[in-house]
Amino acid sequence: MKPTQPYPAASARAHWQKLVQTVPLVHCLTNDVAKNFTANVLLAAGASPAMIEAEEECGEFTAAASALLINIGTLHNGHLPGMRRAVRSAAKNGKPWVLDPVAVGDLLAFRSNFARELLAFHPAVIRGNAAEILWLNGRSAQLRGADSLSTADEAADAAIDLAQKQQCVVLVSGERDYITDGETLWCNDGGDPRQTRVTACGCALSALVTAFCTIAPPLDAAASASWLMKQAGSYAAQEAVGMGAFAVALLDALSHDAPYLQERV
């Protein structure tokens, strides 16, 4: 593994401030269980989400949006045409887009083949868990449903290799997040294990990465979004007891208009 160091908090805060000032419009083609929480995370952080899914509208809306998220969590045949139009439009119009390759692996050929197809359209960032990143880089990985049984530490080298092959940034999330463009390797610690028990925390992280891609280069965008989600998880852990309160506290922590948090994060 390459030498790694934590992403500078001052840089992440500066990028977050710029995001809030810009209010980017993020086109989210994401999975059904993630839509509401993803939209709330983006709104809290200072971005503007949109969930336009119709094949007839996807290309035009991506061209008008600031950036595009493709998340294949609840993929079915009806999603493929719209997602294809969206990524083609992003490539044509120079809009950054992020791929979240949910649950790719040997077990699920349909989604895995589609994820590989999308890679040809050059995502700015691939954000996945350890098993997803390992598999995309041609290595066996352990999944249980959409959850990785491999660790981010195990996938850090694969992330570097994948970033070099795809000429993009790779964010592998876990207890420690690793972010790389194939040369530089950043990491972010923090967060709380309960983030794995709130629906769509990983999916929402991918959406945050997408938003940050509109105001910073992909490596800084992914690292800043990772830092923000880790800090929010740490804050929520101090404020909440139960899982319901934790989810609310996480949104509070991501709120750009919470001045008390700006001092603590």
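This is a predicted model: local features need pLDDT of at least 70, side-chain atom pairs count only at pLDDT 80 or more; totals for chains, interfaces and linings use all residues.

Reader: How many residues of strand β6 are buried, and what follows from that?

Author: Five of the five residues, 125–129, are buried, so β6 is largely enclosed by the rest of the structure.

Reader: Which strands pair with β6?

Author: Strand β5 (residues 97–100) pairs with β6 in the parallel sense over two bridges, and Leu99 stands opposite Ile126. β9 also runs parallel to β6, joined to it by five bridges; there, Val169 is the bridge partner of Val125.

Reader: Which residues touch the most other members of the largest nonpolar core?

Author: In soluble globular proteins, nonpolar side chains tend to be buried together. Here the largest nonpolar core has 53 residues, and Leu208, Val209, Phe212 and Leu254 touch the most other members. Among the elements that give two or more residues to this core are β9 (169–173), α8 (201–212) and α10 (243–253), while α9 gives the most, with 11 residues.

Reader: Where do the buried residues of α10 lie, seen down its axis?

Author: Those buried residues are Phe246, Ala247, Ala249, Leu250 and Ala253. Seen down the axis of α10, they fall within an arc of 165 degrees, so they line one face of the helix.

Conventions:
Residues are numbered from 1 along each chain as its sequence is written. Side-chain values use heavy atoms; hydrogens and water are left out. A nonpolar core is a set of buried Ala, Val, Leu, Ile, Met, Phe, Trp, Tyr and Cys residues joined through side-chain atoms within 4.5 Å. Buried means under 20% relative accessible area, exposed over 50%, partly exposed in between (1.4 Å probe, protein chains only). Helices (H or I, at least four residues) and strands (E, at least two) are DSSP runs, numbered from the N terminus. The arc is that of the directions from the helix axis to the C-beta atoms. Two strands pair if DSSP finds at least two bridges between them.
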